[in-house]
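Hi everyone, thanks for making time. I'd like to walk you through one structure today, so please have a look at it on the screen before I start.

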Amino acid sequence: MTLEPQQWTFTAGPDESLFQAARRAGIRLPSICRNGTCRTCYSRMESGSVRYLVEWPGLSAREKEEGFILPCVAVATAPIVMVNPHAEKTEGASG
Ligand code: FES
């Protein structure tokens, strides 16, 4: 998984959300609810594909078509390039 524009790369497991994977790598993405409703973590996916851990992530069909994802409930199903300029490095990798 690659995060732009920072160009940070990290791995995301088959059962962990992109948010959790980022956190494990010491990267904090904006989030509030972490259950796919508040849209604080809203990010654009440049390439790759995801599936969702919840049935109704808070995205319209059109947003999904345009590549927007909610990383707190999205799991990678292919290598992903995601854009979120608000991501920050945390001090410890365990976060
Ligand atoms: S943190 Fe609320 S939708 Fe992702």
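Let me begin with a cysteine: Cys33 counts as partly exposed, at 24% relative accessibility. For the record, buried means under 20% relative accessible area, exposed means over 50%, and partly exposed is in between, with a 1.4 Å probe and protein chains only. Cys41, by contrast, is buried, with a relative accessible area of 2%. How many disulfides does a search of the whole structure find? The search returns 0, where a disulfide is a pair of cysteine sulfur atoms within 2.5 Å.

A quick word on what you are looking at. This is a predicted model, so local features need pLDDT of at least 70 and side-chain atom pairs count only at pLDDT 80 or more, while totals for chains, interfaces and linings use all residues. Residues are numbered from 1 along each chain as its sequence is written, and side-chain values use heavy atoms, with hydrogens and water left out.

Now the sheet. It is an open one of 5 strands, in the order E2-E1-E8-E4-E6, with mixed pairing. Helices (H or I, at least four residues) and strands (E, at least two) are DSSP runs numbered from the N terminus, and two strands pair if DSSP finds at least two bridges between them. At the edges sit E2 (8–9) and E6, each pairing on one side only. Strand E4, residues 43–47, runs antiparallel to E6, with 2 bridges joining them; Arg44 has Phe68 as its bridge partner in E6. E4 also pairs with E8 (residues 81–83), again in the antiparallel sense, over 3 bridges, and there Met45 is partnered by Met82.

Met82 takes us to the core. The largest nonpolar core has 23 residues, and Leu3, Phe10, Leu18, Leu29, Tyr52, Ile80 and Met82 touch the most other members. Such a core is a set of buried Ala, Val, Leu, Ile, Met, Phe, Trp, Tyr and Cys residues joined through side-chain atoms within 4.5 Å. Helix H1 (18–24) gives the most to this core, with 4 residues.

On to charges. The whole structure has 5 salt bridges, each a side-chain nitrogen of Lys or Arg within 4 Å of a carboxyl oxygen of Asp or Glu. One of them joins Arg24 and Glu16 at 2.5 Å, N to O; Arg24 is partly exposed at 45%, and Glu16 is buried at 15%. Another joins Glu63 and Arg39 at 2.8 Å, N to O. Glu63 lies in helix H2 (residues 61–65) and Arg39 in the loop between E3 (27–28) and E4, so the pair ties together parts that are 24 residues apart in sequence. Then Glu46 bridges to Arg44, with the closest N and O atoms 3.5 Å apart.
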